[in-house]
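Colleague: I am new to this one. Please take me through the terms you use.

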Amino acid sequence: MTTSFDDAELSFDDDTDADVAPTNEVAATRTYDELNVSSDEFWALDAPQRELVFQQLRRERPISWQRPIESAVVPDPDDTGFWAVVKHRDIIEVSQRNDVFVSGYGVMFDLLPPMFLEMAMSFLAMDNPKHDKLRKLVSAAFTPRQIRKIDADIASRAERIVAAAAQKPEIDFVADIARHLPIEMFGDMFGVPQELRATVAHAADEIVAWADPVLLAGRDAAEVQVEASLVIHDIAEQLIAERRAEPQNDLLTNLVQAEVDGERLSDFEIGAVMVLMAVAGTDTTRHTSSFTVKNLTDHPEQRAWLWEDFEGRIGLAIEEFLRHASVVLNFRRTAIAEYELAGQQILPGDKVVMMYGSGNRDEDVFDDPEAFDLTRSPNPHIAFGGGGVHFCLGNQLAKSMLRSLFRELHRQMPDFEAGEPTLMKTNFMRGVVSLPFRTNVGSR
Ligand code: HEM
């Protein structure tokens with residue numbers, strides 16, 4: 001049930017910077033749930049242990065009021081907490097009610113530096129109409145026709161990446177295989193010169209490392225994020241100047257020439273699209289493939305099933321790769337109207353965090369949800385979000401990269417063996433830092 005939010009002072013428009021999120025006084029008086037999903041301790045657990053807590057919440061309190069996140073990157077003394085949404089159906093409802101649950105007040109669960117958010121979020125943290133306009137410009141690079149055109153490119157790159165890795169009996173799967181394909185595709189899309197691609201990939205890694213003390217190595221998380229975003233903005237600025245002088249047939253030229261509401265996008269706005277895409281498009285696919293080779297090693301019967309008819313089965317299998325890995329753990333929305341969600345009254349100004357990983361383990365939707373079952377059908381996972389206007393723009397590209405990469409693993413090193421991964425500490429993106437990997441056990 002929706003009622004209108006009619007306080008003129010708190011009226012909502014799409015200009016993120018100018019707005020102050022609506023507030024309500026009730027939030028400060030609510031009791032926090034005894035199952036705490038905000039603490040450092042909770043996020044230090046590994047995914048299956050966190051899942052036990054989510055399982056209890058799904059069963060007993062699908063919408064729970066939670067403390068503000070502990071050890072936020074930029075603590076906010078006025079933060080009162082958030083609603084944790086853990087069930088598949090409720091995540092879909094929040095995702096699709098973009099009229100009530102908006103993104104313009106931020107989409108990240110952690111509280112990150114405002115300067116970083118401006119430099120990096122772009123249309124991910126915008127609402128309509130501006131979101132739609134900017135997304136449409138970028139979507140031109142993602143139509144099924146475009147994806148078909150770059151499919152052949154993806155396939156030949158995957159072939160070369162796996163062939164190079166197969167030269168050695170033991171490799172690090174992340175460094176030697178998983179990271180290459182997504183960064184190459186991103187680089188092609190934006191016309192990033194070869195010699196700068198590793199720099200962009202490194203900056204994208206730094207941006208999501210905020211909860212991992214090892215990756216931060218004593219550095220300040222906020223500074224690391226801002227500096228890494230600046231690295232990509234600097235590269236964007238250089239490439240934008242080149243496209244202005246000499247337009248090409250690529251996404252960056254489209255963005256340079258495009259007009260939104262009669263105005264050209266500024267270099268800064270285009271740079272922010274590039275930072276968003278560098279993180280959204282590279283880390284996600286890399287981590288999904290890393291978790292999947294580990295899963296295929298641990299479940300030989302699943303690998304045997306897939307290998308038996310690769311072309312016929314890979315489409316279905318990819319859906320389970322995505323569901324089981326669930327690399328994007330959460331995104332936030334802010335309510336701008338009163339709304340009843342699964343019997344819980346949400347008020348304007350309340351933060352609502354969708355726990356995608358939990359939704360992907362919802363036993364009301366998935367039988368034996370912890371099982372890695374490539375034959376699972378239907379498989380209505382929400383790894384790309386729960387629908388609505390922010391649904392992952394790169395979903396087809398991600399699937400195409402996964403298909404090509406696993407086709408080459410099947411062809412060139414079918415007996416690979418993944419060892420124990422070093423996982424990234426996180427409260428946002430499940431990540432594999434490194435993964436020992438034997439390339440072709442059977443033939444040696
Ligand atoms: C396994 C790979 C991937 C996963 C799991 C993933 C997941 C997600 C999720 C959960 C969202 C938010 C959806 C929502 O708020 O409703 C999202 C948004 C987005 N993704 Fe992906 N993604 C992947 C790959 C990619 C790739 C390859 C690209 C581009 C090269 C990409 C570009 C984007 C963009 C631009 C958005 C923002 C869309 C918007 O706000 O309108 N993603 N993704």
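Colleague: How do the residues of the shell around the ligand divide into nonpolar, polar and charged?

Modeller: This is a predicted model, where local features need pLDDT of at least 70, side-chain atom pairs count only at pLDDT 80 or more, and totals for chains, interfaces and linings use all residues. Residues are numbered from 1 along each chain as its sequence is written, and side-chain values use heavy atoms, without hydrogens and water. The shell has 19 nonpolar, eight polar and two charged residues. Ala, Val, Leu, Ile, Met, Phe, Trp, Tyr, Cys and Pro count as nonpolar, Asp, Glu, Lys and Arg as charged, and the others, Gly among them, as polar.

Colleague: Why is serine 122 called buried?

Modeller: Its relative accessible area is 9%. The cut-off is under 20%, so serine 122 is buried. Serine 122 sits in the loop between helix 4 and helix 5. Its phi is positive, about 45 degrees, although it is not a glycine.

Colleague: And why is alanine 342 called partly exposed?

Modeller: Alanine 342 has a relative accessible area of 42%. That falls between 20% and 50%, so alanine 342 is partly exposed. Its loop runs between strand 9 (338-341) and strand 10 (344-346).

Technical notes. Helices (H or I, at least four residues) and strands (E, at least two) are DSSP runs, numbered from the N terminus. Buried means under 20% relative accessible area, exposed over 50%, partly exposed in between (1.4 Å probe, protein chains only).
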